[in-house]
Amino acid sequence: MPALMIVDMQQDFVSPDGAACVAQALPSVPAIAAALAHARQQGWPVIHVVREHDPAGLNTEPFRKGRPVCVSGTWGAEIVPELTPVEGELVVVKTRFSAFYQTAMDEVLNSLNWPEIILCGTQLPNCLRATVHDAVNRDLPLSVLVEGCSAQNQAVADANLEDMANFGVNLLSLADCLALNDPN
């Protein structure tokens with residue numbers, strides 16, 4: 001049974017009014033919501049990975065110091081309503097690009113017996129790519145939900161997806177994701 005991992009689908013990245021809006025993030029929400037509904041129906045584990053930073057940006061990347069995103073307790077740090085976690089879903093907080101860097105992700109995945117990961121969210125060249133590299137370095141079976149990933153433009157998205165496929169990451173369509181565990 002796979003686990004669905006949703007990365008950084010927070011207002012600061014998804015909303016046009018967000019502090020660091022990713023152009024393709026909002027259009028990816030319906031695909032992620034469909035995958036999330038399917039995961040819940042199938043009883044798959046769901047892991048929401050979110051950023052949380054202090055107001056001064058002291059716990060963020062150096063280039064964000066003084067202008068942080070996803071400040072704890074603010075609207076910008078909220079997960080978009082369509083993807084809000086429900087009881088029993090896991091939330092892992094991060095302060096850097098990778099969902100693995102100085103987080104509880106290894107412990108979370110160990111508690112789930114290191115399942116195959118279906119990864120989606122934003123943004124491909126930064127947080128998703130860093131998470132993918134760390135998952136590959138852990139020999140985790142990994143698929144990236146193509147329609148559920150975003151970047152600033154399609155050329156950047158395509159280049160990153162091609163690179164990921166070239167080092168063994170499975171590119172999974174939404175249709176194929178929704179067919180997983182389907183008895184038909």
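Predicted model: local features only at pLDDT ≥ 70, side-chain atom pairs only at ≥ 80, totals over all residues.

Student: How many helices and strands does the protein chain have, and in which pattern do they follow along the sequence?

Tutor: The protein chain has six helices and six strands, and along the sequence they follow the pattern β-α-α-β-β-α-β-α-β-α-β-α. Helices (H or I, at least four residues) and strands (E, at least two) are DSSP runs, numbered from the N terminus.

Student: How do you know whether the radius of gyration of the protein chain agrees or disagrees with that of a compact globule?

Tutor: The radius of gyration is taken over C-alpha atoms, and the globule rule is 2.2 Å times the number of residues to the power 0.38. For 184 residues a compact globule would have a value near 16 Å, and the protein chain has 15 Å, so the two agree. Along the principal axes, the C-alpha atoms fill a box of roughly 50 × 35 × 30 Å.

Student: Why is His48 called buried?

Tutor: Buried means under 20% relative accessible area, exposed means over 50%, and partly exposed lies in between (1.4 Å probe, protein chains only). His48 has a relative accessible area of 1%, and therefore it is called buried. His48 is found in strand S2 (residues 46-51), and, leaving aside neighbours within four places in sequence, its contacts (heavy atoms within 4.5 Å) include Ile6, Ile79, Leu83 and Val91. Across the protein chain, buried residues make up 49% of the 184 residues.

Student: What makes Gln152 partly exposed?

Tutor: The relative accessible area of Gln152 is 39%, so Gln152 is partly exposed. Gln152 has its place in the loop between S5 and H5, and, leaving aside its neighbours within four places in sequence, it is in contact with Cys21, Val22, Ala23 and Gln123. Although Gln152 and Ala23 are 129 residues apart along the chain, their C-alpha atoms are separated by 4.7 Å.

Student: At what distance does the side chain of Gln152 reach the backbone nitrogen of Ala23?

Tutor: The side chain of Gln152 reaches that nitrogen at 2.8 Å. A polar contact is a pair of N or O atoms within 3.5 Å; within protein, one must be able to donate a hydrogen and the other to accept it, and residues adjacent in sequence count only if both atoms are side-chain atoms. At the start of H5, a side-chain oxygen of Asn153 likewise comes to within 3.1 Å of the backbone nitrogen of Ala155.

Student: How do you know whether the span of H5 is close to the expected one?

Tutor: The expected span of a helix is 1.5 Å times one less than its number of residues. Helix H5 (residues 154-166) has 13 residues and reaches 18 Å from its first C-alpha to its last, close to the 18 Å expected.

Student: Which residues of H5 are buried, and what places them on the same side or on opposite sides?

Tutor: The buried residues of H5 are Ala157, Asn160, Leu161 and Met164. They cover an arc of only 100 degrees around the axis, so they lie on the same side of H5; the arc is that of the directions from the helix axis to the C-beta atoms. On the other side of H5, Ala155, Glu162 and Asn166 are exposed. The buried residues of H5 pack against helix H4 (124-137), strand S5 (142-150) and strand S6 (170-172).

Student: Which peptide bond is cis, and what is the phi of Asp8?

Tutor: Most residues other than glycine have a negative phi, and most peptide bonds are trans. A cis peptide bond joins Thr122 and Gln123, with omega at about -15 degrees, and Gln123 lies in the loop between strand S4 (117-122) and H4. Asp8, a residue other than glycine, has a positive phi near 60 degrees. With a relative accessible area of 1%, Asp8 is buried, and its place is in the loop between strand S1 (3-7) and helix H1 (11-14). Trp114, also a residue other than glycine, has a positive phi near 50 degrees, and its relative accessible area of 30% makes Trp114 partly exposed.

Methods. Residues numbered from 1 in each chain as written. Heavy atoms only, no water.
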